[in-house]
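Please look over the sequence and the structure below before reading on. The briefing after them is grouped by topic.

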Amino acid sequence: MSEKSNTQQHTVDLTRVFGDVELPSAGLWNIPPGWATVELSVPRLLGTTMRSMIRLKQGMIAIADDPSHSTAHLSLDALSIRTGEHAVDEFLHHEVLDADRYSTIPVRIAGVRHRSGAMWSADGWVTVRGVATPLDFEITYEGLFHKGPAAFFRAQTSLPLGNILPINSGLRSRFFASRTLRIAIELYAEPVRAKADHTARRRLPHLAAMSSSRHAAAYA
């Protein structure tokens with residue numbers, strides 16, 4: 001069998017049709033370091049936006065036979081947030097996130113619901129300073145990256161900052177309390193069984209470069 005035929009067969013094995021939509025096959029899908037970008041943005045005064053990337057430490061998606069039972073777990077690096085403003089970074093790291101004690105920000109997604117086509121919604125939780133706060137996610141499955149193989153997902157959610165800010169943390173906290181944090185995620189996930197021969201890692205070396213190129217703080 002030719003390499004092209006092998007790749008096509010492998011791709012078929014990793015996809016399925018559920019109802020009238022195509023999905024990745026049920027099972028565990030790993031998100032290697034560098035295969036995800038997570039952008040945080042907060043509206044500021046005069047129409048500007050403060051942005052930062054936050055690094056993914058590790059992640060795993062468990063796709064169930066019934067997609068509504070699927071879950072995802074992401075671990076984010078609290079100290080990787082950099083807005084370009086030292087005073088704001090210090091405030092976020094120490095007062096908001098208490099990153100010295102809680103260096104990892106866990107994010108969990110569950111309760112998946114199909115909306116239409118490739119669009120889904122899901123319940124989620126982000127844990128800040130040991131306290132879980134609920135989120136509502138909008139998720140799009142963009143399909144299988146055939147040469148990988150890797151499944152490509154986009155997700156977005158928003159979180160009123162007042163829900164996670166310390167109660168008594170001064171003027172800066174009161175300023176941010178009225179703002180809403182927007183979170184945009186793009187990630188590639190490889191089937192766990194593909195890790196044995198490192199097929200996905202060999203065939204997608206550029207994904208880490210794509211992700212790394214977006215990690216600098218940007219402003220609009």
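Is R101 buried or exposed? At 62% relative accessibility, R101 counts as exposed, because the cut-off for that class is over 50%. The model is predicted. The protein chain has 220 residues, and 44% of them are buried. Its secondary structure comes to five helices and twelve strands.

**The chain as a whole**

- The protein chain exposes about 11500 Å², and carbon and sulfur atoms supply 55% of that area.
- Among contacts with a separation of 6 or more, 59% are between residues 24 or more positions apart.
- The largest nonpolar core has 55 residues. Within this core, I31, I61 and F137 touch the most other members.
- Leaving out residues up to four places away in sequence, I61 touches G27, L28, W29, I31, T71, A72, F153, L187 and A189.

**Strands β4 and β5, and the residue E39**

- Strand β4 covers residues 36-43, and E39 lies in it.
- β4 pairs with β5 in the antiparallel sense, over five bridges.
- β5 is mostly covered, as four of its five residues are buried.
- E39 is in contact with R51, S52, M53, R182, I183 and A184, if neighbours within four places in sequence are set aside.
- What is the C-alpha to C-alpha distance between E39 and M53? The distance is 4.5 Å, although the two residues are 14 residues apart in sequence.

**Salt bridges**

- Side chains of opposite charge can pair when their charged atoms come close. A search of the whole structure finds six salt bridges.
- The side chains of R51 and E39 form a salt bridge, with an N to O distance of 3.9 Å. R51 lies in strand β5 (residues 49-53) and E39 in strand β4, so the pair ties together parts that are twelve residues apart in sequence.
- R51 has 22% relative accessibility and therefore counts as partly exposed. E39 is also partly exposed, with a relative accessible area of 22%.
- D77 and R55 meet through their side chains in a salt bridge of 2.9 Å, N to O. D77 is in strand β7 and R55 is in the loop between β5 and β6 (56-63), so this pair ties together parts that are 22 residues apart in sequence.
- D77 counts as buried because its relative accessibility is 12%, and the cut-off for buried is under 20%. R55 is partly exposed, with a relative accessible area of 36%.
- D98 forms a salt bridge with R101, and their closest N and O atoms are 3.5 Å apart. D98 counts as buried at 17% relative accessibility, whereas R101 counts as exposed at 62%.
- Which residues does a network of salt bridges link? The network links E142, R154 and E186.

**The residue T83**

- T83 is found in the loop between β7 (71-77) and α2 (86-96).
- Is T83 buried or exposed? T83 is buried, because its relative accessible area is 3% and the cut-off for buried is under 20%.
- The side chain of T83 reaches the backbone nitrogen of E85 at 3.2 Å.
- The side chains of T83 and D89 are joined by a polar contact of 2.7 Å.

- Strand β9 (residues 119-128) pairs with strand β10 (residues 131-145) in the antiparallel sense, over ten bridges. The bridge partner of A122 in β10 is F137, and F137 is also one of the core residues that touch the most other members.
- β9 and β10 form a hairpin with two residues between them. In the turn, R129 has a positive phi of about 55°.
- β10 also pairs with strand β11 (residues 150-160), again in the antiparallel sense, over seven bridges. The bridge partner of I139 in β11 is A155.

Conventions:
Residues numbered from 1 in each chain as written. Predicted model: local features only at pLDDT ≥ 70, side-chain atom pairs only at ≥ 80, totals over all residues. Heavy atoms only, no water. Contact = heavy atoms within 4.5 Å. Core = buried A, V, L, I, M, F, W, Y, C linked by side-chain atoms within 4.5 Å. Buried < 20%, exposed > 50% of the residue type's maximum accessible area, 1.4 Å probe, protein only. Polar contact = N/O pair within 3.5 Å; in protein donor to acceptor, adjacent residues only side chain to side chain. Areas by Shrake-Rupley, 256 points an atom, 1.4 Å probe, with all protein chains shown as cover. Salt bridge = Lys/Arg side-chain N within 4 Å of Asp/Glu carboxyl O. Pairing = 2+ DSSP bridges.
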